[in-house]
Amino acid sequence: STSGLNTPKVDDRKQPYGSWCTPEATPAHKVLTPTNSNTDSKSQKKHDSQQNQIKGILLQVQKVRLFPRNPPTESNSMNEITSVSTELQDLKELKSTQDTKKLPSPEKEESSFSVETPQSPVPSSPRQKKCKGYLRVPAFCDPFVPIDPQGRGYISWLFLVTFCHSYNAWCIALRATFPYQTPENTPYWMVADYFCDIVYLLDVALVKPRLMFLHEGFWVDNTKETRKNYRKKLQYKFDIISLTPLDLLYIHFGTQMVILRFPRLLKLQTFWEFHQAMDRVLSSPYVVRIGKTLFYIFYLIHLNACAYYAMSYYIGLGSNDWVYDNQGNAYIRCFYFATKTATSIGKNPKPENTEEYLFMTAAWLMGVFVFALLIGQIRDIIATATRARTEYRQTVDGCARYLRRLGTARALRRRVTCWFNYTWTQQRCFDESSILNSLPFNMKRDVALAVHMSTLSKVQLFRDCSDSLLRDLVLQLRPVSFLPGDVVVRKGDVGHQMYIIKSGECFVMSQDEKEVLATLREGSVFGEISLLGIEGLRRRTATVRSRGYSNLFALSRNDLDSALKHHKEAAQILRLRADQIIRENAARQAKQKLAHLQAKKSASLVSDNSGHRNRRHSNVSSNDSSVAVEGRRHRSASALSKRRLSSVSENKVLRRAEVRTPLPTIVLCAEAEAEAETDA
Ligand SMILES: Nc1ncnc2c1ncn2[C@@H]1O[C@@H]2COP(=O)(O)O[C@H]2[C@H]1O
């Protein structure tokens, strides 16, 4: 705590309340980094990027150690050695350039706060290192580079495979039943078919075997291992079966037998994998979930439509009232019929023979069970997506009902509703901590840090103290919002919480609430004095009001106490600041009282003079003596208050020179002034 890093800067102390009241915005990554005032911003940026590169390279080196190739082939180990040595060389070069520029040492950089975001590491290919410029192949296409299953490249590839699978799923049934494949358009269909087959083939041969996987907590990136892993999976078997070239039988049956391509539908797992990946990646996964369920619903109706057309064709198009009458667009008419039966809308033509009865029974059963299930799923997804809003509405309605029942004033009710609305629009929840409760402690802390970083980085206390103070406190901070004019703390109340301003402004009011003593902005801290256990200052020293709408973080006395036990430097900083505020408030009060006294004195002098003039004729001699006495009395009172004030300012000067001021003396000074007033 005595190091230059952690003690508050002298300059800061000279400013009113350091820079607590008017904190400067600082980029999040610079939050607690000790900055060299001589280094200009350009070199700082360069330094940052170099540090990142160093970190990246160190990570690469670690990765090489973390993912040993087992057993290493000769060429692999040679490649590894060369890559490590080049990386170390790069590292040395970077370090030497850094030394020559005399930038802050990396040890200091280490102390800067950062939220850890572990990623699946993908090592660079040994080939890629050798190819330069335009010859460089994207990592995804490099057969020597393992593929990150969470990477963008792989998700894009999954999209392509899913598209091909969907094409097969829709078109095989369509072309097998409806007369949409004619000898004229067969080549186009073939081109599309074989394009999809090539995608399937590439997926099985080049992509899936390179997919990294987790083994005993480590990402395995050895392509031999990844290939082995893929081959062990059931998915591999399905992928291989899906490629069965049954369409070779076209030679015998002709290209109209599109049904021979049905094995292509077995690549269903990729379809699910794609949706899972999208669910993870997209900011609103509900869209993906609803999209997938709708896909199932439409696909089932599509199959139903195909079956209806096939049945009608088998019975004879237009041969009775039930079958498709071969009028209009065949697919649209059949799709319409299938939708009606599947959703049990009714008004379907009456079946006339056994096959038709069987078809209708199956379609209705499917409608009742499968469709009901799918539509229920959509309802659940929407309910989950809007649960927070529903709960919010229930809370607001419940509270409003309760207040109405109690017959509270309309203005108060409106205020409560206003608070609910504002808090909801700001936070989208009422209890932030309950949402994160299922996360492990460290992750919860990282999330909280990331979410509140922009505000917390502006708090001078956290800048001046070690990072661990911020880490210790971040989960204890409770967001609270206030409406315009709300009293956040009231003078004389017992203090239970201190506050950090997240957004908005707060006014520190004078004793009579007519004057604004200070305006506190984003990142400012207040309400700490009454929590510090200073003798005689256990109650709020001032009233603080929210200027407009404001969002604050509240920190309870217990949490502050337990944090200050382990962070003595923070306790010292808070004490210093409290000393400063108390001294300034005491001096201001003394000044005000003196001014008040002087005003009183001059008023009494004026009234005395006028009284004297009235009585002059009656008793001249006695008046002379009383004025003299009165004058002496006021002069002595004024001298006394002057002496008291000078003792205050002397004390002030003396105490500024000290590192910490014993507070009770300052309080006594204020008391002395009060005494002077009573004397007068
Ligand atoms: N003159 C001032 N300037 C800035 N902040 C103040 C001033 N006086 C009091 N405060 C803050 O207002 C808070 C009121 O509650 P506390 O006494 O706990 O802590 C107080 C300080 O944090």
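In which sense do strand 6 and strand 7 pair, and over how many bridges? In this predicted model, strand 6 (residues 506–509) pairs with strand 7 in the antiparallel sense, over four bridges. Within this pairing, Phe 507 stands opposite Thr 519 of strand 7. The two strands, strand 6 and strand 7, form a hairpin with six residues between them. In the turn of that hairpin, Glu 513 has a positive phi of about 60 degrees.

Strand 6 also pairs with strand 9: four bridges join them, and they run antiparallel. Here Met 509 has Thr 543 in strand 9 as its bridge partner. Strand 9 (residues 543–546) is in turn joined to strand 4 by two bridges, again with the strands running antiparallel. Val 487 has its bridge partner in strand 9, namely Arg 545. Taken together, these strands make up an open sheet of four strands in the order 4-9-6-7, with antiparallel pairing. Strand 4 (487–489) and strand 7 (516–520) are the edge strands, each pairing on one side only. From one strand to the next, the twist averages 30 degrees.

Ser 550 lies in strand 10, which covers residues 550–556. The relative accessibility of Ser 550 is 0%, and Ser 550 therefore counts as buried. Leaving aside residues up to four places away in sequence, Ser 550 touches Tyr 422, Val 480, Ser 481, Phe 482, Ser 503, Gly 504, Glu 505 and Cys 506.

Among the helices, helix 11 (residues 268–281) and helix 12 (residues 285–315) have axes that come within 8 Å and cross at roughly 155 degrees. Helix 11 is therefore roughly antiparallel to helix 12, because angles over 145 degrees count as such. On the side of helix 11, the contact involves Phe 271, Trp 272, His 275, Met 278 and Asp 279. These residues meet Pro 285, Val 288, Arg 289, Lys 292, Phe 295 and Tyr 296 in helix 12. Sorted by class, the contact of helix 11 with helix 12 has seven nonpolar, one polar and three charged residues.

The salt bridges in the model come to 19. One of them is formed by Asp 247 and Arg 264, whose closest N and O atoms are 3.4 Å apart. Asp 247 lies in the loop between helix 9 (234–242) and helix 10 (250–253), and Arg 264 in the loop between helix 10 and helix 11, so the pair ties together parts that are 17 residues apart in sequence. Asp 247 is buried, with a relative accessible area of 7%, and Arg 264 is buried at 2%. Both residues belong to a network of salt bridges that links Arg 175, Asp 193, Asp 197, Asp 247, Arg 261 and Arg 264.

A further salt bridge joins Asp 446 and Arg 471, with the closest N and O atoms 3.7 Å apart. This pair links distant parts of the chain, as Asp 446 is in helix 18 (residues 441–456) and Arg 471 is in helix 20 (residues 467–474), 25 residues apart. Asp 446 and Arg 471 are both buried.

Arg 577 forms a salt bridge with Glu 528, and here the closest N and O atoms are 2.2 Å apart. Arg 577 lies in helix 22 (residues 568–615), whereas Glu 528 lies in the loop between strand 8 (525–526) and strand 9, so the pair ties together parts that are 49 residues apart in sequence. Arg 577 and Glu 528 are buried.

Key:
Residues are numbered from 1 along each chain as its sequence is written. This is a predicted model: local features need pLDDT of at least 70, side-chain atom pairs count only at pLDDT 80 or more; totals for chains, interfaces and linings use all residues. Side-chain values use heavy atoms; hydrogens and water are left out. Buried means under 20% relative accessible area, exposed over 50%, partly exposed in between (1.4 Å probe, protein chains only). Contact means heavy atoms within 4.5 Å. Two strands pair if DSSP finds at least two bridges between them. Axes are lines fitted to C-alpha atoms, for helices over the stretch in contact, and angles run from 0 to 180 degrees between N-to-C directions. Angles under 35 degrees count as roughly parallel, over 145 as roughly antiparallel, 65 to 115 as roughly perpendicular and the rest as oblique. Ala, Val, Leu, Ile, Met, Phe, Trp, Tyr, Cys and Pro count as nonpolar, Asp, Glu, Lys and Arg as charged, and the others, Gly among them, as polar. A salt bridge is a side-chain nitrogen of Lys or Arg within 4 Å of a carboxyl oxygen of Asp or Glu.
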